[in-house]
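Please open the model in your viewer and keep the selection panel at hand.

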Amino acid sequence: MTLTELKTLIQNYVESSETTFVSTLDDVVKNAEERIFEEVQFDFFRKNVSGSMTSGSRFLTCPSDYVLSFSLAVIDGNSDYHFLDLKHPSFMQEFNEDPADSSLQGLPRFYAQYDKELSSGSNNGSTFIIAPVPDQSYNVELHYLYKPTSLVTNTTGTWLSKNARNALLYASIVEAYIFLKGEPDLLQTYELRYNQEIERLKNRAEARGRQDEYRYDALRKPVT
């Protein structure tokens, strides 16, 4: 489903082509995408990237599309992986009592989100703080959740518009109907349809998608 197709469907469902409403449809679609992204944890939006820590530096810059981390591993000279524990920034500041003291440096054991920013022309985005301060340059691997590009940007289609078409449609209709201040009864109907689609998506992404039939039998709904 393209952006043009989605906009046409939204207008057809809510029966409105009013100028202000039509000009707001890009924001309606973005709000709908944000809603789905926050409610369902798709494995499709995971990434694994490699990088490096600098000797003597307690900071590590995150990828520009970083949202949250699943794991951060340091790779030593023997190619062994050491997964770091996620801590609170205050713990890190106390642990790194004197970041400039080389005798306290070593193989990192902990990390924390020092700041979280969107990448822009004025900054590099989010930053991790590391402890202990690395005593040498280490390779690292970060497994993280990223924010997918909106259909408003990739107008020919995105993963959501192709693989979660109904959820995106009904989320957009709900957002559009809220904007139009539509009838509460009909809004409730749209919300119900949206929730049904989210339930299906969560079943696929967070249940069936997290196990195979070699160790677990196929999922079945109980007979009532």
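Is the crossing in which helix 1 passes helix 6 left-handed or right-handed? Helix 1 passes helix 6 in a right-handed crossing, where right-handed means that the near helix is turned clockwise from the far one by less than a right angle, and left-handed anticlockwise. This is a predicted model, in which local features need pLDDT of at least 70 and side-chain atom pairs count only at pLDDT 80 or more, while totals for chains, interfaces and linings use all residues. Residues are numbered from 1 along each chain as its sequence is written, and side-chain values use heavy atoms, with hydrogens and water left out.

Select residues 3-14, helix 1, together with residues 165-179, helix 6: their axes come within 10 Å and cross at roughly 55 degrees. That makes helix 1 oblique to helix 6, oblique being what remains after under 35 degrees (roughly parallel), over 145 (roughly antiparallel) and 65 to 115 (roughly perpendicular).

Next, show side chains at the contact (heavy atoms within 4.5 Å), where Leu 6, Leu 9, Ile 10, Tyr 13 and Val 14 of helix 1 meet residues of helix 6 including Arg 165, Leu 168 and Tyr 177. The residues of this contact of helix 1 with helix 6 divide into 11 nonpolar, one polar and one charged.

Now turn to the open sheet, whose four strands have the order 1-8-3-4 with antiparallel pairing; strands pair if DSSP finds at least two bridges between them. Strand 1 (46-53) and strand 4 (81-83) are the edge strands, each pairing on one side only. Finally, select strand 3 (residues 66-75), which three bridges join to the antiparallel strand 4, and find Ala 73, whose bridge partner in strand 4 is Phe 83.

Terms used. Helix = DSSP H or I, 4+ residues; strand = E, 2+ residues; numbered from the N terminus. Axes fitted to C-alpha atoms, helices over the stretch in contact; angles between N-to-C directions. Nonpolar A, V, L, I, M, F, W, Y, C, P; charged D, E, K, R; others polar.
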